[in-house]
Amino acid sequence: MNFLEKQFKLKENGTDIKTELIAGLTTFATMAYVLATVPSIMSSAGFGKSGVLTMVIILCAITSIAMGIVTNRPFVLGPGLGSVAVYSISMIIGEGISPAVASGVIFWEGLLFVIISFIGLRDIIVKLIPLSIKISISAGIGLFISLLGFRNAGIIIANAKKNVLGFGDLTTPTAILAIIGLIILLILEVRKVKGGVILAIILTTLIGIPMGVTKIPTSFLAAPGNPTDMIFNIDVMGALNIKYLPFLFALFIPDFFSTFGTVIGVGAKAGLLDKNGNLPGIEKCFYVDSISTVLGSLFCMPCMTTYLESASGVEAGGKTGLTAVATSFIFILMFLITPLALMIPSAATAPTLILMGVKMLSGMKNINYEDTTECVPAFLSVALTIFTNNVANGIAAAIIVYVILKIASGKHKELPLTMYPFAAVLCYYFYTLTM
């Protein structure tokens with residue numbers, strides 16, 4: 001007990017062990033959906049669900065413990081669903097990039113994040129990327145995630161005859177279960193039920209048993225899945241190709257700004273900000289987050305990032321790193337009952353992906369639609385991400401058009417000098433697509 005007090009300064013922060021443990025359990029309950037959603041998404045790219053689940057548990061535990069001990073903040077980490085979707089669906093499936101090379105791109109994105117964090121370029125990067133572009137990237141990935149949810153549920157499918165997306169067979173048990181799950185999730189959401197996401201997944205999974213969608217495992221206790229195909233499956237040098245630059249950008253922007261927004265937002269809720277609205281020791285949060293992404297890339301795990309669900313633990317009273325450590329140990333306990341997580345069907349996780357996409361659209365209200373130089377690039381970023389089924393295309397087009405419109409409108413002074421060479425590189429990216 002004295003060790004915990006000394007390590008986490010509980011009294012100094014106005015908390016105690018019991019409160020921190022309850023906060024850790026609360027945080028776990030609200031982010032436990034990653035145990036179902038991440039293996040489900042990555043399985044579509046050819047990864048075994050059990051192996052992915054093992055890596056998710058290990059990395060969530062290791063990185064969250066590191067965050068708790070190094071920063072003494074109640075922040076936990078997990079694979080960002082946006083990066084998981086980009087990595088699995090856009091890169092591996094959409095572009096045919098090998099998992100090793102895709103992991104290499106994650107590695108370089110993480111290394112870039114590490115360099116920026118340790119050199120102290122955080123504020124420069126925040127100012128460098130135009131607000132409308134940052135918002136639209138998040139929104140585009142959000143719709144990308146929602147579409148993935150609809151596809152996993154069989155509600156939306158590709159119509160080969162008409163060459164468009166359309167409704168699938170809505171009478172199938174999978175589609176019906178997903179629709180039921182979405183209704184349950186939305187009801188819990190509007191009722192503001194704590195842990196509503198994982199509760200909806202559990203209820204939908206149970207409903208799927210008599211429908212024949214949920215397959216009950218022969219045993220609820222089993223050894224962790226074998227992630228051998230994910231360990232050091234990475235091609236760092238193969239990822240050094242200019243055509244992968246937009247993907248690196250697509251991964252870096254959400255990772256960096258999600259971390260920045262989460263630690264500030266959750267820190268404010270926990271009363272950790274100073275009188276100027278800054279979080280003391282924020283650089284340590286960036287150190288852990290960026291290094292965690294590099295670590296994850298070595299095991300085919302997309303960007304490990306600070307989870308907004310950390311706010312639920314703060315609401316439960318968590319104020320120190322003990323909350324994050326407690327959450328980590330609960331993740332480790334999941335090794336004992338992995339079959340329970342693996343029995344969750346994609347129809348039960350699809351509603352979560354759909355709702356996640358909706359929430360990621362919220363920032364679009366902050367775009368100035370009266371300014372063509374701002375709203376048109378933002379629109380292109382979102383639209384081309386969905387229409388071409390490629391996040392990189394949307395981002396590349398948005399940056400290029402943004403620069404052109406600013407110059408044409410006489411607003412070139414609003415452009416950082418580094419935007420010009422970056423736009424030129426992205427023009428070359430489109431040229432490579434025609435070769």
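Trainee: What span should the 16 residues of helix 12 have, and how far apart are its end C-alpha atoms?
Mentor: Keep in mind that this is a predicted model. Helix 12 covers residues 282-297. At 1.5 Å a residue, helix 12 should span 22 Å. Its end C-alpha atoms are 23 Å apart, which agrees.

Trainee: Which residues of helix 12 are buried?
Mentor: Buried means under 20% relative accessible area. The buried residues of helix 12 include Ile282, Cys285, Phe286 and Val288. Asp289 is also among them, as are Thr293 and Gly296.

Trainee: Why are helix 9 and helix 10 called roughly antiparallel?
Mentor: Helix 9 (residues 173-190) packs against helix 10 (residues 196-211) at about 150°. Angles over 145 degrees count as roughly antiparallel. Helix 9 and helix 10 are therefore roughly antiparallel to each other. Their axes lie 9 Å apart, and the crossing is right-handed.

Trainee: Which residues meet there, in helix 9 and helix 10?
Mentor: From helix 9, they include Ile176, Leu177 and Ile180. From helix 10, they include Val197, Leu203 and Met211. By class, the contact has 13 nonpolar, 4 polar and no charged residues.

Trainee: What makes Glu414 partly exposed?
Mentor: Its relative accessible area is 45%. Buried needs under 20%, exposed over 50%, and partly exposed lies in between. So Glu414 counts as partly exposed.

Trainee: Where is Glu414 found?
Mentor: Glu414 is in the loop between helix 18 (391-408) and helix 19 (419-433). Leaving aside neighbours within four places in sequence, Glu414 is in contact with Glu374 and Lys406.

Terms used:
Residues are numbered from 1 along each chain as its sequence is written. This is a predicted model: local features need pLDDT of at least 70, side-chain atom pairs count only at pLDDT 80 or more; totals for chains, interfaces and linings use all residues. Side-chain values use heavy atoms; hydrogens and water are left out. Helices (H or I, at least four residues) and strands (E, at least two) are DSSP runs, numbered from the N terminus. The expected span of a helix is 1.5 Å times one less than its number of residues. Buried means under 20% relative accessible area, exposed over 50%, partly exposed in between (1.4 Å probe, protein chains only). Axes are lines fitted to C-alpha atoms, for helices over the stretch in contact, and angles run from 0 to 180 degrees between N-to-C directions. Angles under 35 degrees count as roughly parallel, over 145 as roughly antiparallel, 65 to 115 as roughly perpendicular and the rest as oblique. A crossing is left-handed if the near helix is turned anticlockwise from the far one by less than a right angle, and right-handed if clockwise. Contact means heavy atoms within 4.5 Å. Ala, Val, Leu, Ile, Met, Phe, Trp, Tyr, Cys and Pro count as nonpolar, Asp, Glu, Lys and Arg as charged, and the others, Gly among them, as polar.
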